[in-house]
Amino acid sequence: MKRKAYAEARRVLKAKNIRFQTLYPARLRVHYEEGETTYNSTEEATADMASRGLSVKVIEGPDTLWERVQQAAWQPARPKRRNPAANATGFKEKLQAFRRISSKEND
């Protein structure tokens, strides 16, 4: 997610044919004519690029401590699975339709 946040900056750099690298962990190195610059956050990168005259949307960081904690916290990649025990009665009823009928029940 942190690397994906640099998408806007990378798009502008690619359009201007400015060489850049995305480094681990989620940093951006840009090779300007004056020299190379390494950014540690998207806020820092977009603010500096805008001050250099590049038409990039400036991304602002979270304002409160709670927003910073939420941004840094782990997020689940997918929603949790439903509890199979909650549906226990539903599948048992469905399986009854496939139950073999004995010869005594047919008579």
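What share of the contacts in the protein between residues at least 6 apart in sequence join residues at least 24 apart? The share is 24%, where a contact means heavy atoms within 4.5 Å. This is a predicted model, in which local features need pLDDT of at least 70, side-chain atom pairs count only at pLDDT 80 or more, and totals for chains, interfaces and linings use all residues. Residues are numbered from 1 along each chain as its sequence is written, and side-chain values use heavy atoms, with hydrogens and water left out.

**View 1. The open sheet has 3 strands in the order S1-S2-S3, with antiparallel pairing.** Strand S1 (19–23) and strand S3 (35–39) stand at the edges with a single partner strand each, so one side of each lacks a neighbour in the sheet. From one strand to the next, the twist averages 15°. Strands are DSSP runs of E with at least two residues, and helices are runs of H or I with at least four; two strands pair if DSSP finds at least two bridges between them.

**View 2. Strand S2 (residues 27–32) pairs with S3 over 5 bridges in the antiparallel sense.** Look for His31, whose bridge partner in S3 is Glu36.

**View 3. Helix H2 (residues 42–51) lies across S2 and S3.** Helix H2 runs at about 140° to S3, with angles taken from 0 to 180 degrees between N-to-C directions of lines fitted to C-alpha atoms, for helices over the stretch in contact.

**View 4. Leu65 is found in helix H3 (residues 65–72).** Leu65 counts as exposed because its relative accessibility is 58%, and exposed means over 50% relative accessible area with a 1.4 Å probe, protein chains only.

Technical notes:
Buried means under 20% relative accessible area, exposed over 50%, partly exposed in between (1.4 Å probe, protein chains only).
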